[in-house]
Amino acid sequence: MIKNILYYNNPSSPKPSLSPILNSMGLHCVEFGDIFEDSHTDASFVMKVMNCIQSEGIHMVLSREYIPLLASVCEMKKLPYASWISSCPQQELLSKTILYKCNYFFCFDRVCANRLAGIGCENVYHFPLAVDTAAVEEKFPEGEEEASTYAYDISLLGSMQDGREILGELEGIPAYVKGYINGIEEAQIRVYGYNFVQEMLEEEVARDVLDKAGIQYGEMYFDNPVQLAADLINEEITAKERRRVAEKLGHEIKMYANQEEGQCLYRQSKINLYITSKSTESGMEQGALDILAAGGFCLTNYQPETAEFFEDGKEIVMYTDMADLVQKADYYLQHEEEREAIAKAGREKVMAQFSLHDRLTDLLGIVEESVG
C-alpha cells in the first residue's frame, strides 16, 4: 500500500505544492525541491533522491511534470513514478526514458495522452486538472461574488510582448520558408479545437528551423524535429493571437503577469479572457479552471475538453473566431445579470467536480491497483 510519497516540486517552474493535501489524506509526503543541472545526468541529484527514498521508506515518487532523472531513479529502485502532466509543450516527453516500466503518465490533455500511448508508454491516463477547493473557499467565500465591485471590464493573463517571434529572430532562414511557416500560422490562428501545425510542417523545414534556433537534443531523446519545431511555431501563434485579440476587442484590457496576480482580479473583472496556448491541443488549462473556481466570468476560446466539461453559455462562454469573440465580449459586458449567473454556475461545477483532493485520491488509486 502506498503511504510514503516523495513529491518533487521543481524550483525552475514552481507550482502550488501538493504536499499539504497529500498529508491531509493521511499520507506521509516528503517534499523535495533540489535543482538539477541536466535532466538526464546529474549524479548529485540522483544520490540525494536515492538517499531520501531509502531514509523515508518511499513507496512512490510524484511530480507535476515529467523529470527523466526521477524516472531513472525509480526504474533502478523499482518504484512507481507518477507525473501529472499539466502544461504543454513538454520537450522532456521526447526523452527515451518515457518508455521505462516505472512510469505513470497522467495527462491533462487527451491528445498528449494518446501521443504517449502511441509511442509505446504503458501506463498513460487522461487526467484533467483540478483546484484546491478548500483553499478557494477560504480565499473566495461562497456568496461574496454577489458583493463584488468591478474595477475592470476585461482582464487577460500575459503581455502584448509575450511569446517568441521565431521568424524575426532567426537568421539564415530562406524567405520562402518564412512564408511557408507564416502561412501555417495564419491558417492555424483561425481554427480552434484542432491543431494541424505538425501535419503541415515538413521535416526538412522543421530541421532547418531548429538548426537556426540552436536547438539540439542528444541521444537520450527521440528524433522528432517536427514536434519540436511545431512547439516553437505554436508559441508564436499564441503570441500573435493575444495581440490580435487586444486590437479587435476595442476595449481597454487589464494585463497581469501571472496567475497569482490574476487571483486578485478574477472577481474585479467583468470578463476574464483566457487564451489557451496553441500547444495545448484539446485540454483545459489550469488558468481557466482557476478563474471559474474564484467565481469569475470566463470567456475563452473553444477547446474540445472545455466543451466536454462545461456547458457553453451556462457555466462558461467560448468563442470560435475573432468576430464571435468581439460579439460575445460586447454582449456580456452589457448583460450583468446573465454574466454573473454564468460565473456562479461555473464556480459550482468546479467546486463539485474538480477537487484536487478527489483527483489525487483517484491518481493514487490507479497506481496502487496497477502495482498490486
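Reply: What follows is one connected description, beginning with the strand and ending with the helices.

This is a predicted model, in which local features need pLDDT of at least 70 and side-chain atom pairs count only at pLDDT 80 or more, whereas totals for chains, interfaces and linings use all residues. Residues are numbered from 1 along each chain as its sequence is written, and side-chain values use heavy atoms, with hydrogens and water left out.

The part to examine is strand 4, residues 81–85; helices (H or I, at least four residues) and strands (E, at least two) are DSSP runs numbered from the N terminus. Five of the five residues of strand 4 are buried, so this strand is largely enclosed by the rest of the structure. Here buried means under 20% relative accessible area, exposed means over 50%, and partly exposed lies in between, with a 1.4 Å probe and protein chains only. Tyr81, Ser83 and Ile85 point one way from strand 4, while Ala82 and Trp84 point the other way, and all of these residues are buried.

Strand 4 is paired with strand 3 (residues 60–63), which runs parallel to it and is joined to it by three bridges; two strands pair if DSSP finds at least two bridges between them. Val61 has Tyr81 of strand 4 as its bridge partner.

Lys78 is placed in the loop between helix 3 (68–77) and strand 4, and has a positive phi of about 60° although it is not a glycine. Lys78 is exposed, with a relative accessible area of 68%. The loop between strand 4 and strand 5 (103–107) holds Pro89, which is joined to Cys88 by a cis peptide bond with omega about 0°.

Strand 1 (residues 4–8) and strand 2 (residues 28–32) likewise run parallel, with five bridges between them, and together with helix 1 (residues 19–24) they make a right-handed β-α-β unit. In the loop between strand 1 and helix 1 sits Lys15. Leaving aside neighbours within four places in sequence, Lys15 is in contact with Asn9, Arg64, Glu65 and Ser86, where contact means heavy atoms within 4.5 Å.

Turning to the helices, helix 14 (residues 322–334) has 13 residues and reaches 19 Å from its first C-alpha to its last, close to the 18 Å expected at 1.5 Å a residue; the expected span is 1.5 Å times one less than the number of residues. Its buried residues are Met322, Asp324, Leu325, Lys328, Ala329, Tyr332 and Leu333. Seen down the axis of helix 14, these fall within an arc of 150°, so they line one face of the helix, the arc being that of the directions from the helix axis to the C-beta atoms. The face turned away from that buried side carries the exposed residues Ala323 and Gln334. The partners against which the buried residues of helix 14 pack include helix 10 (225–249), strand 9 (269–274), strand 11 (317–319) and helix 15 (336–353). At the start of helix 14, a side-chain oxygen of Asp321 comes to within 3.2 Å of the backbone nitrogen of Ala323.

Helix 15 has 18 residues and reaches 26 Å from its first C-alpha to its last, close to the 26 Å expected at 1.5 Å a residue. Buried in helix 15 are Arg339, Ile342, Ala343, Gly346, Arg347, Lys349 and Val350. Down the axis of helix 15 these buried residues fall within an arc of 160°, so they line one face of the helix, while the face turned away from the buried side carries the exposed residues Glu337 and Ala352. Among the elements that the buried residues of helix 15 pack against are helix 5 (133–139), strand 9, strand 11 and helix 14.

Methods: Polar contact = N/O pair within 3.5 Å; in protein donor to acceptor, adjacent residues only side chain to side chain. Right-handed = clockwise from strand over helix to strand, strands pointing away.
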